[in-house]
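Subject: Structure handover

Hello,

Please find the structure below. Notes on what was found in it follow.

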Amino acid sequence: MEDSPKTDPSKAGKTHQQLAEDNAPKSGERPDQGKAPAPDNYSSEPNRTHVHAHIPAPEVAGAKFLNPVLAQPPEALTGLKLEAQQRVAAGVTAVIKSMQFSWAEGGVGRGSKALLGLNQKNGFDCSSCAWPDPDEHRSVAEFCENGAKATASDADDKAAGPEFFAKHSLAELSRMTDRDQNNAGRLTHPMVKRPNDNHYSPISWPDAFSLIAKELNACDNPDEAVFYTSGKVPNEPAFLFQLFVRQFGTNNLPDCSNMCHESSGSALSPTLGLGKGSVTLNDLEEAEVILVIGQNPGTNHPRMLSALQKAKRNGAKIISVNPLVEAGLVAFKNPQDFMNPLRALGALLGDGTQLTDVYLQVRVDGDMALLRGIMKHLFEAEDLNPGQVVDHAFVAEFTTGFASFEQNIRNTSWEDIESESGVTRAELLEAANLLAHKQKIVTCWAMGVTQQRKGVETIQEIVNLQLMKGAIGKPGAGTCPVRGHSNVQGDRTMGIWERVSPTFRDALAKEFKFSPPTEDGYDVVEAIKAMRLGKTKVYFGLGGNLLAAGPDTEVIAEAMRRQKLTVYVGTKLNRGHLVTGETSLLLPCFTHVDIDMQKAGHQMTSCENSMGVVSQNKGILVPLAGEMMSEVAIISGMAIATLGDKTDIADWVAMTENYDVIRDHISRVIPGFEDFNKKLREPGGFYLPNGPRERKFTTENGKANFTTTSLDKHTLEEGQLVLMTVRSHDQFNTTIYEYNDRYRGIKGERRVLFMNEQDMADRGLKAKDLIDITSHFKGEERRVERFVAVPYDIPTGNVCAYFPEANPLIPIGSVAKISNTPTSKYVVVTVVPTAVNNEVRIKAREAMMAE
């Protein structure tokens with residue numbers, strides 16, 4: 001192997017081919033990115049009028065009296081026990097919990113077999129987060145606690161079949177907790193809810209496809225249908241899904257990206273030329289400084305902790321930015337160390353690896369001000385040490401807009417920085433000092449940034465920091481947006497997007513000989529509005545749970561109820577399956593862990609992780625008895641029934657029988673996937689092209705662009721607080737595994753509101769008091785009832801709750817600028833004891849019921 005950039009600076013930005021374990025990249029080396037330009041679906045501007053209509057605030061607290069099927073989780077409390085907040089993540093407890101979940105769901109044999117194949121090069125991809133697997137050696141236990149939970153849930157040996165749905169009405173099922181719905185078992189048979197019925201009942205697959213075709217073809221135009229996608233969907237079915245939708249004639253392809261990292265793509269594409277991150281897993285190990293902003297890896301991406309631990313052992317410094325002090329950012333006990341005789345005792349008895357060197361407890365929505373404070377310190381350091389802090393050579397050769405950016409940062413007052421961020425000038429100096437003389441810098445972020453009001457511009461400030469330090473396009477440096485779901489990034493690469501770039505559209509037209517629609521479709525927020533306004537007739541959900549994932553829960557519920565047909569493809573029951581249109585289909589599909597046998601044999605699919613690696617996914621467990629189908633087969637059946645002679649039926653049949661045929665199509669449509677079938681079969685998969693990783697910035701001007709952002713101030717009224725929503729530890733996205741959140745000291749309950757003790761005292765509240773929460777947006781209010789107040793280490797003026805329980809408080813009209821992402825990390829609320837005005841509410845409810 002030739003010299004790496006680590007040993008030969010002239011190799012900076014060069015890459016190396018990953019072919020086999022003995023030729024895998026070492027720390028600091030770069031895998032081959034291919035020769036094709038990187039696919040990027042964030043580059044085009046919208047070419048239609050968006051849905052700007054105002055949707056009035058729905059009845060939230062009283063919704064349970066208005067419809068027998070509950071759209072919100074039931075208000076019944078499950079028994080809160082408060083325990084000490086933990087300061088160390090993982091450890092032996094994580095191992096025990098992993099085994100408990102796996103064996104309880106799938107049994108000892110089935111559960112253990114699933115875990116042994118999880119994230120292995122010849123196994124299946126975790127259906128949980130999108131954190132990458134090591135390029136080199138992989139442990140026999142290459143998974144985390146939450147990956148084990150997700151896999152155990154997928155491997156569940158209980159069935160929720162026709163007998164289950166015959167026994168339970170939709171209203172009865174909606175009164176189950178979200179955990180109990182998930183634990184009911186795997187969906188095994190296609191089911192239908194007929195008009196005016198309150199049960200799902202069996203339907204044959206041919207009849208289900210005919211029903212879908214009938215309702216779709218009855219639409220006055222294709223834009224009356226909405227096709228939503230979950231990030232759990234692998235590349236091959238995702239590609240087929242967008243193909244079918246565009247052959248049907250619409251770009252209405254909202255997906256979960258619209259609610260998570262849309263802000264990242266919107267910020268990265270115009271600044272760096274690619275809406276994805278620029279680092280590899282090896283870069284984190286090589287980095288000198290790592291910033292982790294708005295992210296909780298201990299719960300949401302636990303395998304990231306191993307990379308942070310390796311970085312620390314290599315001498316890296318870590319700066320953590322978060323309103324909550326999270327255990328996974330403080331210290332880590334690596335479960336893998338228990339299998340190492342030299343580290344086992346220390347892992348069991350020690351305090352773990354201390355991760356964070358500087359912890360900045362920022363206020364919710366204060367990250368932009370915080371970043372400006374760090375960069376203002378860096379410019380002051382540059383004044384004292386000319387040429388030693390700012391990488392002027394990089395700035396001059398590769399960037400534009402530096403002068404305006406510099407002036408903007410220097411002109412920002414320390415008063416504004418401190419008041420908006422909630423972090424002192426001295427604390428920001430401590431962080432800046434770690435960065436001042438380093439260039440191997442990686443910045444990681446997640447939804448704590450993307451779901452802010454100014455998430456896009458905050459990420460552009462992150463890019464500004466990387467660019468002024470020259471910290472991109474070389475080993476140990478770059479941007480790292482940490483994606484949530486397993487293939488959320490891959491789905492966008494495959495064309496799951498409400499907009500379509502001309503290059504992709506032309507390639508699709510050439511390959512499949514049709515004219516794709518050119519007008520942009522609806523994103524998630526626009527789709528919900530259009531459905532609520534009666535502009536659509538059919539909703540099709542390929543996985544996911546939009547009802548629980550989206551904002552303004554009761555608006556989504558009413559939107560679903562206004563559809564002629566709702567179709568839900570899924571593996572296990574969730575609340576979203578119960579809030580239906582006039583007619584509804586519930587179609588069971590395989591999971592990542594299931595063996596997918598088609599005419600050509602055992603099929604595999606593929607996923608793209610957070611760092612652009614595409615690897616194979618091949619199930620290892622025999623599916624439960626029933627009539628489940630693969631996502632590919634479901635999409636193909638729907639396409640053939642709906643499109644008829646308007647499409648190449650023989651090709652759809654061929655793609656269903658052998659997924660290699662799908663990949664051959666992809667290889668001719670999407671840059672970077674040339675020889676897809678061959679490269680996918682290489683151990684560990686392959687890297688997609690990544691321009692910023694090689695200092696090739698495919699922006700309009702061919703440069704990396706500094707951004708001059710605006711720092712807006714927001715003044716709260718007396719008594720108001722700012723709410724952010726988060727996951728619990730026993731949760732992945734909207735799937736609830738248990739009622740616990742052990743790192744935060746919560747056991748047996750989810751309807752909790754984390755509050756600063758001073759804010760509680762100001763409202764006369766004590767621990768475990770019942771409270772109601774009201775959100776305020778443009779003169780409208782939304783209220784949820786019967787939450788439990790929990791004192792917590794959180795900045796004054798900020799509160800925190802779990803989703804989906806708090807989602808009814810998020811207004812559909814409150815979105816991030818540019819990305820249109822719902823502001824789940826900025827909701828203005830007030831909090832009162834539940835007893836306040838109770839008599840008034842009772843009378844109001846009685847009046848509603850009388851009407």
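Two strands count as paired if DSSP finds at least two bridges between them; strands (E, at least two residues) and helices (H or I, at least four) are DSSP runs, numbered from the N terminus.

This is a predicted model, in which local features need pLDDT of at least 70 and side-chain atom pairs count only at pLDDT 80 or more, while totals for chains, interfaces and linings use all residues. Residues are numbered from 1 along each chain as its sequence is written, and side-chain values use heavy atoms, with hydrogens and water left out.

The sheet

Within that pairing, Val 614 stands opposite Phe 686 of strand 23. The strands belong to an open sheet of three, in the order 21-22-23, with antiparallel pairing. Strand 21 (605–608) and strand 23 (686–687) are the edge strands, each pairing on one side only. Helix 7 (residues 235–248) lies across strand 21 and strand 22 and runs at about 90° to strand 21. Axes here are lines fitted to C-alpha atoms, for helices over the stretch in contact, and angles run from 0 to 180 degrees between N-to-C directions. Contact means heavy atoms within 4.5 Å.

The helix pair

Helix 14 (residues 367–384) packs against helix 16 (residues 402–411) at an angle of about 105°, and their axes are 9 Å apart. Helix 14 is therefore roughly perpendicular to helix 16, a label that covers 65 to 115 degrees. Helix 14 contributes Arg 372, Met 375, Lys 376, Phe 379 and Asp 383 to the contact, and helix 16 contributes Phe 402, Phe 405, Glu 406, Asn 408, Ile 409 and Arg 410. By class, this contact has five nonpolar, one polar and five charged residues. Nonpolar means Ala, Val, Leu, Ile, Met, Phe, Trp, Tyr, Cys and Pro, charged means Asp, Glu, Lys and Arg, and the others, Gly among them, are polar.

Backbone points

Asp 365 is found in the loop between strand 12 (358–360) and helix 14. Asp 365 has a positive phi of about 75° although it is not a glycine. At 15% relative accessibility, Asp 365 counts as buried (under 20% relative accessible area, with a 1.4 Å probe and protein chains only).

The loop between strand 32 (798–802) and strand 33 (827–833) holds Pro 804. The peptide bond from Phe 803 to Pro 804 is cis, with omega near 10°. Asn 820 lies in the loop between strand 32 and strand 33, and its phi is positive, near 65°, in a residue other than glycine.

Regards

Terms used: Parallel < 35°, antiparallel > 145°, perpendicular 65-115°, else oblique. Buried < 20%, exposed > 50% of the residue type's maximum accessible area, 1.4 Å probe, protein only.
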